[in-house]
Amino acid sequence: MSNGSIPRLVIAAPSSGAGKTTVATGLMAVFAEAGLTVSPHKVGPDYIDPGYHSLATGRPGRNLDAYLCGPDRIAPLFLHGAAGADLALVEGVMGLFDGASGRGELSSTAQVAKLLRAPVVLVVDASSQSRSVAALVHGFASWDPEVRLAGVILNKVGSDRHEQLLREAMDSSGVPVLGALRRDGRAGTPSRHLGLVPVAERRAEALESVRELAARVRAGCDLQALLALAHTVPELPDAPWDPAAEVAAASTEPAAAGAAKPLIAVAGGAAFTFSYAEHAELLAAAGAEVAPFDPLRDERLPPGTDGLVIGGGFPEVYAPDLSANAPLRAAVAELAASGAPVSAECAGLLYLSRAIDGKPMCGVLPAEARMTERLTLGYREAVALRDNALATAGTRVRGHEFHRTVLEPGAGAEPAWGLTHPERRVEGFVTGGVHASYLHVHWAAEPSLAARLARSATRGATAQGAVR
C-alpha cells in the first residue's frame, strides 16, 4: 500500500453537537485496540479534539484547515501525518457543509473530504426524529455530488423500537446505516467555551472516557463495513508535506558557518495545550533543538534556552498556579529582556502580561488581562507591520482567534499584526525579540516564521557560545 492510497474515512454530521467526536474518537480507539496503526485528523483550527484523538491512537492529532493552510496543502499535510498508518480517520467540524463565514465551502468538512477523495460517514442525532432522518440524509447526500456520503451512524437512539423505525426509513434512502448508538451519558467529556476540556487537564478521566467511547462504538457500529469502506479510496497524487523542504524553500539566508544549534523551549502542560504538531517539526527542520517544559511545574527554563514558544491554552484557569511559580516567571522575563526570540500566542500573550485577573504574570508586556463573558472567535487575516523575530514586514498570514479574555491595552506601540479581515485594526505586541498576539497561526502555511525564529535563536546561541 502506497502512502497515497491509505484507507481513510471522514466522520461528519449535519450540525455541531450531533456526536462527531464521540464516534470519531471511539472508532480511533477501537481500531487502535485491534492492532491497527490509526492516524487521527481534525478539520478546522480546534486544538482540543486532537488531544483526545492522540489519547485514543498514540499518535499526534493533526489539524486539516483549508483556511489557515490553503486547500493545496490539505492532502500533503494529511499524507505527512498519516505516514506509516494502516487507517486514517478525519473528524469534521460543525455541519458537513459549514466553513469559513462568507467563503463558500472553504475550510468545510465537505471541502476537506473532496480534497482527500475520502468517503464521508454522517453522524446523525436521531433523538427527536424517525422517518424524517431519511429526508435529512437524502438532502445531505444530494447537495454536492462531489461529496461521497457513503454511510450513516445513528446517534442518541432511544430504544430498539426507535432504531427499527430509523432503519426502516433509511432503507429507501440508498445510504447504508453503519451503526446505531444509544443515548448514554456515561462517556461524558466536560466542555469549556466551545470545546472539550483538554486532555492534559483531566488525563485519568479522559482515558476512561475514551475507553467508554470505544465500548459504545464497538457495540453499536459495523466495524467491518466501516473498515471495508475506508479501503474504497483512490490514490492521492500529492507528495507528503516535508518540513525540511518547506524550511529550505522559506529560508532567505544560508545557515552561517559554525553556527551553534539553538535550543528553543516550548511551553506545555495543562495550562498550554494548544499547539500544532507541525510547529515543532518545522523548528527542528530549521536546525533547532526543541525542549518542552511545563510552566506549572518547572521553576526554570530548560538549560541553555535560546528562544521560547508559548502557545495557547486556558491560563486563566491556572492563573493562581502560574502566578505562584515566581522563579519561572522571573526566568521568562529575564530571557525576554535579553533580546532572545519569544513567540507567544493567546495564552502565551496573557502569560507575558503583567497580570491575569489581578494575578501577577511575567510582566514582559505593559498590559493586563481579565476574563469576560464575551467570546471572541473567528478567522482573521493579518500582515506583519515591521520586521521582528518571527516575521518580516509585509508577511501575510491567516489565523484564528478564540478567547474570552480582554487585554488592556490590546496593542503595543509596535503591534504584532495589522488585521486586514474581517476588520481593520492593530493587535498584539512586538518589543525586543518578543512577538505576542492573540492570533493563532499555523506555521505550515508560512514556514518562514519557524525559519526566522530558529535563525534568531541561532544568532543568540552562537554569540553565547559555550557560555550559558
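Hi everyone. Two strands count as paired if DSSP finds at least two bridges between them. Keep that in mind, because the sheet here is built from such pairs, and strands in a sheet pair through backbone hydrogen bonds, either parallel or antiparallel.

Here is a pair to start with. Strand β2, residues 38–43, and strand β4, residues 87–91, run parallel and are joined by five bridges. If you want to find one of them on screen, look for Pro40, whose bridge partner in β4 is Leu89.

Before going on, please remember that we are looking at a predicted model. The average pLDDT of the protein is 92, and 92% of the residues score at least 70. One stretch to treat with care is residues 187–195, where the pLDDT is below 50. In the model, that stretch has 28 contacts beyond its near neighbours in sequence. Where pLDDT is low, the predicted coordinates should not be read in detail.

What is the order of its seven strands? Reading across, we get β3-β2-β4-β1-β5-β6-β7, an open sheet with parallel pairing. At the edges stand β3 and β7, and each has a single partner strand, so one side of each has no neighbour in the sheet. Neighbouring strands are turned against each other by 25 degrees on average, if we ignore direction.

Let's stay with β7 for a moment. Its pairing with β6 is parallel and has four bridges. Val157 is the residue that stands opposite Arg182 in β7.

Helix α1, residues 20–33, lies across β1, β2, β4, β5, β6 and β7. Relative to β4, this helix runs at about 165 degrees.

Next, the charged side chains. How many salt bridges does the structure hold? There are 21. The side chain of Arg62 meets that of Glu278 in a salt bridge, at 3.4 Å from N to O.

Glu281, at 22% relative accessibility, counts as partly exposed.

Elsewhere, Glu105 forms a salt bridge with Lys114, with the closest N and O atoms 2.8 Å apart. These two belong to a network of salt bridges that also links Asp144 and Glu146. Glu105 is partly exposed, at 35% relative accessibility.

One last stop: Asp294. Where is this residue found? Asp294 is in the loop between β11, residues 289–293, and β12, residues 307–310. Asp294 is buried, with a relative accessible area of 13%. The side chain of Asp294 reaches the backbone nitrogen of Leu296 at 2.9 Å. Leaving aside neighbours within four places in sequence, Asp294 is in contact with Gly268 and Gly269.

Terms used
Residues are numbered from 1 along each chain as its sequence is written. This is a predicted model: local features need pLDDT of at least 70, side-chain atom pairs count only at pLDDT 80 or more; totals for chains, interfaces and linings use all residues. Side-chain values use heavy atoms; hydrogens and water are left out. A salt bridge is a side-chain nitrogen of Lys or Arg within 4 Å of a carboxyl oxygen of Asp or Glu. Buried means under 20% relative accessible area, exposed over 50%, partly exposed in between (1.4 Å probe, protein chains only). Helices (H or I, at least four residues) and strands (E, at least two) are DSSP runs, numbered from the N terminus. Axes are lines fitted to C-alpha atoms, for helices over the stretch in contact, and angles run from 0 to 180 degrees between N-to-C directions. Contact means heavy atoms within 4.5 Å. A polar contact is a pair of N or O atoms within 3.5 Å; within protein, one must be able to donate a hydrogen and the other to accept it, and residues adjacent in sequence count only if both atoms are side-chain atoms. pLDDT is the predictor's confidence in each residue, from 0 to 100.
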